[in-house]
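Have the viewer open and follow along.

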Amino acid sequence: MKLSQFKFKLPEEKIAQYPSDYDPETGIYHRDECKLMVVHKKTGEIEHRQFKNILEYFDEKDVFVFNDTKVFPARLWGNKEKTGARIEVFLLRELSADLRLWDVLVDPARKIRIGNKLYFGPDDAMVAEVIDNTTSRGRTLRFLYDGPHEEFKESLYALGEAPLPRTDITRETEEEDIERYQTIFAANEGAVVAPAAGLHFSRELMKRMEIKGIEPAYLTLHSGMGFCQDIDVEDLTKHKTTSEQMSVDKKVCEIVNKAKAENHKICAIGTTTMRALETAVSTDGNLKEFEGWTNRFIFPPYQFGVANAMVSNFQQPLSTLLMVVAAFGGYDLIMHAYEVALEMDYKFGCYGDAMLIID
């Protein structure tokens, strides 16, 4: 497959700026009332439903596998010492709790050099020093804070805002986004990108899952900024993705392997969940415990080992996320489904509508 095969025209107005079922007048939205396109792999049939209808395609003892990563308020705005230049600082990961070291992205990068200090918050409440240049845009910051670590994290996060991806959201971030851009089952902090397919699950829908006997299983993959990086090679076999931390514990393995042995459906909720499953699957087709990092890059053709159903939002052209979806659903069928989505006014991006792919 070539990069150019995943190019299509996506008008800006098709990219959701708010959750697709959000009412701006009341501020209320129902997570499970967005549009749902159902794509049947075997027949090529396409149905148009609401997300709350998803359970109609599953039976008792089927399994939904979720990514329970928790997004933290990673985007900060600071000012450079002396010049006062406004700098966007995007927290990626904590490198050392004791030393208060963080791996970050800065913009504009050309204005920041080793030794520069940045000031954040009212009355410059937080100060950080640049101690390393790690990439063309990346830096390592040491925050100058003497209190306990938990107090430091609380103070740091109080200065941040929801890390909405600029590839999707062009409006200003709002205070409510910290709740909107988080799944209701988020548990393990570490992501700067929300697992968007999981955003559609409401408490009511989860309760209906329980009543129907559909079992949830949770793994963790801390989504980073790798999906935002442009692919700069036409030959996809030469593309390298950034590594992301993940964890698959004994419980999720037991749930998934039992369902697989009994021929029940296993539905991966989102591309990050699918990548984690494919990282942790063993040669015998069973899921195994895993603790570490993955740079698994999935594109067509690809033989999947665990899930036989998948939920995904509608992805940007040329994105690695679209490639995962096309690999699972079949390139021709998925690209056709995307044409239908544009015609039927489905919304794209992290706040957009959803697609269910089943046999």
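Let's start with Glu174, which is partly exposed with a relative accessible area of 28%; the scale used here calls a residue buried under 20%, exposed over 50% and partly exposed in between (1.4 Å probe, protein chains only). Its partner is Arg180, and the two side chains meet in a salt bridge at 3.3 Å, N to O. Arg180 itself is buried, at a relative accessible area of 4%.

Before going further, some housekeeping: this is a predicted model, where local features need pLDDT of at least 70 and side-chain atom pairs count only at pLDDT 80 or more, while totals for chains, interfaces and linings use all residues. Residues are numbered from 1 along each chain as its sequence is written, and side-chain values use heavy atoms, with hydrogens and water left out.

**Salt bridges**

A salt bridge here is a side-chain nitrogen of Lys or Arg within 4 Å of a carboxyl oxygen of Asp or Glu. By that rule the count comes to 15 salt bridges. Among them are these:

| Pair | N to O distance |
|---|---|
| Glu174 and Arg180 | 3.3 Å |
| Glu210 and Lys207 | 3.6 Å |
| Lys52 and Glu33 | 3.8 Å |

(Helices, H or I with at least four residues, and strands, E with at least two, are DSSP runs numbered from the N terminus.) Lys52 is partly exposed at 30%, and Glu33 is partly exposed at 33%.

Glu210 and Lys207 are 3 residues apart in helix α3 (residues 203–212), so about one helical turn separates them. Glu210 counts as exposed at 55% relative accessibility, whereas Lys207 is partly exposed at 46%. Elsewhere, salt bridges that share partners tie Arg171, Glu174, Asp177 and Arg180 into one network.

**Strand pairings**

Two strands pair if DSSP finds at least two bridges between them. Strand β11 (residues 126–133) runs antiparallel to strand β10 (residues 117–120), with 4 bridges joining them; Lys117 has Glu129 as its bridge partner in β11. That hairpin has 5 residues between the strands, and in it Gly121 takes a positive phi near 80 degrees. β11 is also joined to strand β12 (residues 138–143), again antiparallel, by 5 bridges, and Ala128 finds its bridge partner in Phe143 of β12.

How many residues of strand β15 are buried? For β15 (residues 244–248) the answer is 4 of its 5 residues, making the strand mostly covered. Strand β14 (residues 215–221) pairs antiparallel with β15 through 2 bridges, where Thr220 has Ser247 as its bridge partner. β15 also pairs with β17 in the antiparallel sense over 5 bridges, and there Ser247 stands opposite Glu291.

Glu291 lies in strand β17 (residues 290–294) and counts as exposed at 62% relative accessibility.

Over in strand β4 (residues 46–50) is Glu47, which is partly exposed at 21%. Glu47 and Leu36 are 11 residues apart in sequence, and 8.2 Å separates them in space, C-alpha to C-alpha.
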